[in-house]
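Here are my notes on the model below. Please read them with the structure open.

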Amino acid sequence: SNEWQVELLKQANRTLAQQQFYLLLGNLMSPDNNVRKQSEETYDTILGQTKITFLLQAIRDASAAEEVKQMAAVLLRRLLSSSFEEIYPGLTLEMQTVIKTELLTSIQHETSPNIRKKVCDIAAELTRNLIDDDGNNQWPEVLKFLFDSVNSDSVNLRESALHIFWNFPGIFGNQQQHYMEVIKRMLVQCMQDQANPQIRTLAARAAASFVLSNESNTALLKHFADLLPGILQAVNESCYQADDSVLKSLVEIADTAPKYLRPNLEATLQLCLKLCADTNLTNMQRQLALEVIVTLSETAAAMLRKHTAIVAQSVPQMLAMMVDLEDDDDWAMADELEDDDFDSNAVAGESALDRIACGLGGKIILPMIKQHIMQMLQNPDWKYRHAGLMALSAIGEGCHQQMEAILQEIVSFVLLFCSDPHPRVRYAACNAIGQMATDFAPTFQKKFHDKVISALLQTMEDQSNPRVQAHAAAALINFTEDFLEQVVTSIASVADTAEEKFVPYYDLFMPSLKHIVENAVQKELRLLRGKTIECISLIGLAVGKEKFMPDASAVMQLLLKTQTDFNDLEDDDPQISYMISAWARMCKILGKEFQQYLPVVMGPLMKTASIKPEVALLDTQDMENISEDDGWEFVNLGDQQSFGIKTAGLEEKATACQMLVCYAKELKEGFVEYTEQVVKLMVPLLKGLMMGVSLTVSRVRVAAAESMPLLLECARVRGPDYLTQMWHFMCDALIKAIGTEPDSDVLSEIMHSFAKCIELMGDGCLNNEHFEELGGILKGKLEEHFKNQELRQAKRQDEDYDEQVEESLQDEDENDVYILTKVSDILHSVFSSYKEKVLPWFEQLLQLIVQLICPSRPWADRQWGLCIFDDVVEHCSPASFKYAEYFLRPMLQSLCDTSPEVRQAAAYGVGVMAQYGGENYRPFCTEAIPLLVRVIQAADSRSKENVNATENCISAVGKVMRFRPECVNVNEILPHWLSWLPLNEDKEEAVHTFDFLCDLIESNNPIVLGPDNANLPKIFLIIADGVANESVKSEDACSKRLANVIRQVQVSAGLWTQCVSTLNETQQKAIQDLLNTA
């Protein structure tokens, strides 16, 4: 009787525990945060095995409340997806069998469709984890269950089987090929189930899921092509049943397996067009239908270009969506941030247009859209005019080339709308101008500055509509910003024109802009104020210090005032990021004088730069509760898992990081106080990835990379120990980032910065582990370079290959070559710091570099391969000669190559052989001279594309005469060499030639001076041109020597007159400048 009592007690305890567990499940769903948090903590303490027992029991308990069972099912699936390895293998065999049996029994007997679906999800999750490394499914009963259920009379069972297969299409493991016909038959049969629409829908989703999980298996896609018409039919049916799940599957196919659609592309496009045009459907469905077409323009542009008629029909659909706007009386006063609904048709249409123009290119899209836009702009209804202008902004990037040709008429036309009677049309016109200023810089600024500035000025006087005002200010910013970036800084002469052109407008603007900053203090005008602050600082940069200085201190006071109120600003205040940029521009204008403001500026700047994104790992089912517009972005990791990142504040973070770079660059040692905290912030930002997803916008990683060499420069003043410590903190992270960074634009910046750091730190800055890791990474980059070239060759054989594909392949090619140049930069910095002792390390890369200079490779490969060998000769001689067998022949043959870039690299190589190579290279210097002379004397050797290569050849001849006179008949070559001077393009080589010229003149070389100094006027001419072209700079040692030559001639009046009389005004001024400065 004792045993019996113990058994009863156990049972009572179990029931009690289960009751407590139900309470706990209820509390996990509590709306009260504290209750929920506490129950989560309790739940986490329960052992895995116990959890499984309780959860299964809850799911199977017919008397439990529906939401408790639902919660239990979600938790069990999560447990299996996140902690399978920790829990399941440790269970007894008996327990494992119980779980499997219970799940299948539950699916068969559960009456609630919702719970049944959730249990199917658990079964799918368990199977996913029970397929071993060889592809064996360790749960054969689940496959038998699938076969039985799909053929069962019960609709519920058929639905469950499809649901499991949809959730985990890889369920057959290595048996998939064997069951292929069965799978196909099962899907076809269910897609034709006339009596049950939900089975047809689910079968279509399962078929799509299966196709997606086999996206790279071409044979399988072909074999399943005849299922597509059924999927399309289901898309159509389900949309009208208010279910867009099949349509979403179609979007996924367009994104991941577009080739699957090829046999039925026409039908697919027709269906999407029809759905998109049907205003009875929800906005979401119409946008998804459009998304299929737009996605194909990105993933299979060439395939889509064969169906331009349908594309042409989809363009008016996008425009029609853009007209779908509300009349909103408060619009004018509203702030922009919270406004535009991201799921509105207007926004969706605009984004679709932008993407399809970029995807298919302007050649196709502009002719399709031009007439439509023109008609819309003449429509009396403001919504059409608004949409027409927004459309014009949207296609600028994709139709760049085609629109540039007719920019004149476009701009004149758009400017008319800056004075449209409707404020929202005026707003759209400003938006279009701002967008064009960005897309068509700097042409746009040069050609249209007068017209545009006066139109925007008038719009800025639009007192009743702050929002239009803000946009006009924003358009001005784009106008001047690219003006700055591209024009002001690029060439002093163009900068001249910029300043002169802007200065007259300065006094018109500044007062009203300052007025806005002082008075626009209400919360809803924050954005206007932020943009105005930005505008002021940009104009200050454009017109330069002199013009801006009188206002500078007033502007600084305004900024400081805003900054001190900063502590009261909310974290998401739009002014913050504008302020941060404005400070940095003020720093550029004020230079070293800015240092005094750092204590005020750095606090908020570091705070913004340190924003940490929120991240979460979710199963796809949980995602339904979080919408993208809360600022979350998701990346699907496959297997029903998604990685979410909350992107709020990341753009601001990026701006702040860029500004830190700006301060380090401008203030140098003035920034030293802050280097340590900035380094600690930046280094972790280099590794931007978690779960393969970028945690930072790429601008953050670029800024982090750029900051490294700049911070080392700032820290130099603290001495070598401090510097080395800082370098050690960066070095590992930089090397790792070169190995893992996926974005090639960011990668090139990281590589460039790493090379600069090594040049700065010099010999000894890398240890053996660094070298080993770096060697492996560079080897990988070179191997990838060759592999990518092969892949591009393969794409040229593809059935959809056309000229636009070729264009994008060439873009990829340029990207690749750019990375190759960065490999060369890194090797250059290593060779120049470590000299010949690094050669044994270099040997692991040798064969790959030799492969680059094969005659069959593209010219860019040969150019950069030769540059790398040039560095080996220049920095690692005489030891370099042991590799001569690999590069000498190709180098000499390349002197006469058809590509000027290759000739230039080869000629430079001959120069360094003469100067640094050592005895062994002598016969090759002799052999090179006639080849070099032939290139220099060729008919078009001074044409624009050839001149740099030719000047390198002239310099190389000079270096052979200077450093290896025994290899060449100097007296015969010298008169020719003089006649080739001066070098105007290649400033570095020009310095070498002037140094040699000084040697020759100072040693009174009779050939150079000529009989009775007859060549002196020619020499004066060469010197004058050199100074005028800035090939000779006052800080170069040879400028003193050249000035002395001239002073010696001045002593003899007759000779002086003779020399100066042949010079024009510019040349005479250059001689005077040289005498004054040197």
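**Notes on the predicted model**

1. The protein chain exposes about 48000 Å², and carbon and sulfur atoms supply 51% of it. Areas come from the Shrake-Rupley method with a 1.4 Å probe; for residues, only the protein chains shown count as cover.

2. This is a predicted model: local features need pLDDT of at least 70, side-chain atom pairs count only at pLDDT 80 or more, and totals for chains, interfaces and linings use all residues. Residues are numbered from 1 along each chain as its sequence is written, and side-chain values use heavy atoms, without hydrogens and water.

3. Of 1078 residues in the protein chain, 55% count as buried (under 20% relative accessible area, 1.4 Å probe, protein chains only). The chain has 51 helices and 5 strands (DSSP runs: H or I, at least four residues; E, at least two).

4. Val 555 sits in helix 28 (residues 545–564). Its relative accessibility is 5%, so Val 555 counts as buried. Val 555 touches Ile 536, Phe 548 and Met 586, leaving aside residues up to four places away in sequence (contact: heavy atoms within 4.5 Å).

5. There are 25 aromatic pairs (Phe, Tyr or six-membered Trp ring centres within 6.5 Å; planes under 30 degrees apart are stacked, over 60 edge-to-face, the rest tilted). Trp 583 and Tyr 597 have ring centres 6.4 Å apart and planes at 40°, so this pair is tilted. Both residues are buried.

6. Phe 869 and Phe 887 are stacked, because their planes are at 25°, with centres 4.9 Å apart. The pair links helix 40 (residues 859–876) to helix 41 (residues 884–894).

Technical notes: Buried < 20%, exposed > 50% of the residue type's maximum accessible area, 1.4 Å probe, protein only.
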